[in-house]
Amino acid sequence: QVQLVESGGGLVQAGDSLNLACVLSGGPFSGYVMAWFRQAPGGDREFVASISWTPGTKYYADAVKGRFTVTRDSAKNTLFLQMNTLQSEDTAVYYCAASPGPARLVAGSFRYWGQGTQVIVSS
C-alpha cells in the first residue's frame, strides 16, 4: 500500500521560503509521477508542480514558475517542494500525490494522496 506523508508547512511572512517534504512508502516508485497540489479555503484542489520518478521530468503551474522547485531523492523516497518568495496567494493546504503511471496534471488523475500540510503566508 502506497502511503505519502507531508511535512514542512507553517506560518511565514511574504517573501520568505519554505521547503515541503513528502516521504513515500510502499514502493518501488519507478514509473510513478509525483505531484504537489494545493487547496485554498473555498477553492478547488489545483496543480502546483510534478516530477516523474524517472527520468525526473518536471512541470509547473504558471503561478509558481520561477519561485517553486520540485525535486526528489530516490534513495530516501522523498519528494520536495522548495518554495521561495512566498506570497499571500500561496496560502493553502499543500498535498503530495502519486500516480503509478503517466497522469494528466489534474487531481482526479492521481491515485494516492497525503494528508496535507498547511502553509500560511502573511502579508
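Glu 46 forms a salt bridge with Arg 38, with the closest N and O atoms 2.6 Å apart. A salt bridge here is a side-chain nitrogen of Lys or Arg within 4 Å of a carboxyl oxygen of Asp or Glu. The model is predicted: local features need pLDDT of at least 70, side-chain atom pairs count only at pLDDT 80 or more, and totals for chains, interfaces and linings use all residues. Residues are numbered from 1 along each chain as its sequence is written, and side-chain values use heavy atoms, with hydrogens and water left out.

Glu 46 is partly exposed, at a relative accessible area of 38%. Arg 38 is buried, at 7% relative accessibility. Buried means under 20% relative accessible area, exposed over 50%, and partly exposed in between (1.4 Å probe, protein chains only). By the salt-bridge rule the count comes to four. Asp 90 pairs with Arg 67, the closest N and O atoms being 2.8 Å apart. This pair links distant parts of the chain: Asp 90 sits in the loop between β8 and β9, and Arg 67 in the loop between β6 (58–60) and β7, 23 residues apart. Both Asp 90 and Arg 67 are buried. Salt bridges with shared partners join Arg 38, Glu 46, Arg 67 and Asp 90 into one network. Asp 62 and Lys 65 also meet through their side chains in a salt bridge (3.2 Å, N to O). Asp 62 is exposed, with a relative accessible area of 65%.

Four strands form an open sheet in the order β1-β3-β8-β7, with antiparallel pairing. β1 and β7 stand at the edges, each with a single partner strand, so one side of each has no neighbour in the sheet. The twist averages 15 degrees from one strand to the next; axes are lines fitted to C-alpha atoms, for helices over the stretch in contact, and angles run from 0 to 180 degrees between N-to-C directions. Strands (E, at least two residues) and helices (H or I, at least four) are DSSP runs, numbered from the N terminus. Two strands pair if DSSP finds at least two bridges between them.

Strand β1 (residues 3–7) pairs with β3 (residues 18–25) over five bridges. Within this pair, Glu 6 stands opposite Cys 22, and Ser 7 has Ala 21 as its bridge partner. β3 pairs with β8 (residues 78–83) over six bridges. Here Cys 22 is partnered by Leu 79, and Val 23 by Thr 78. Six bridges also join β7 (residues 68–73) to β8, with Thr 69 partnered by Gln 82. β7 and β8 form a hairpin with four residues between them, and Asn 77 in the turn has a positive phi of about 50 degrees.

One disulfide is counted. The bond joins Cys 22 to Cys 96 (S to S 2.1 Å), under a cut-off of 2.5 Å between cysteine sulfur atoms. Cys 22 lies in β3 and Cys 96 in β9, so the pair ties together parts that are 74 residues apart in sequence. The torsion about the S-S bond is about -75 degrees, so the disulfide is left-handed. Cys 22 is buried at 0% relative accessibility, and Cys 96 is buried at 0% as well.

The largest nonpolar core has 36 residues; Leu 4, Met 34, Trp 36, Leu 79, Leu 81, Met 83 and Tyr 94 touch the most other members. Such a core is a set of buried Ala, Val, Leu, Ile, Met, Phe, Trp, Tyr and Cys residues joined through side-chain atoms within 4.5 Å. Leu 4 touches residues including Cys 22, Met 34, Cys 96 and Trp 113, not counting residues up to four places away in sequence; contact means heavy atoms within 4.5 Å.
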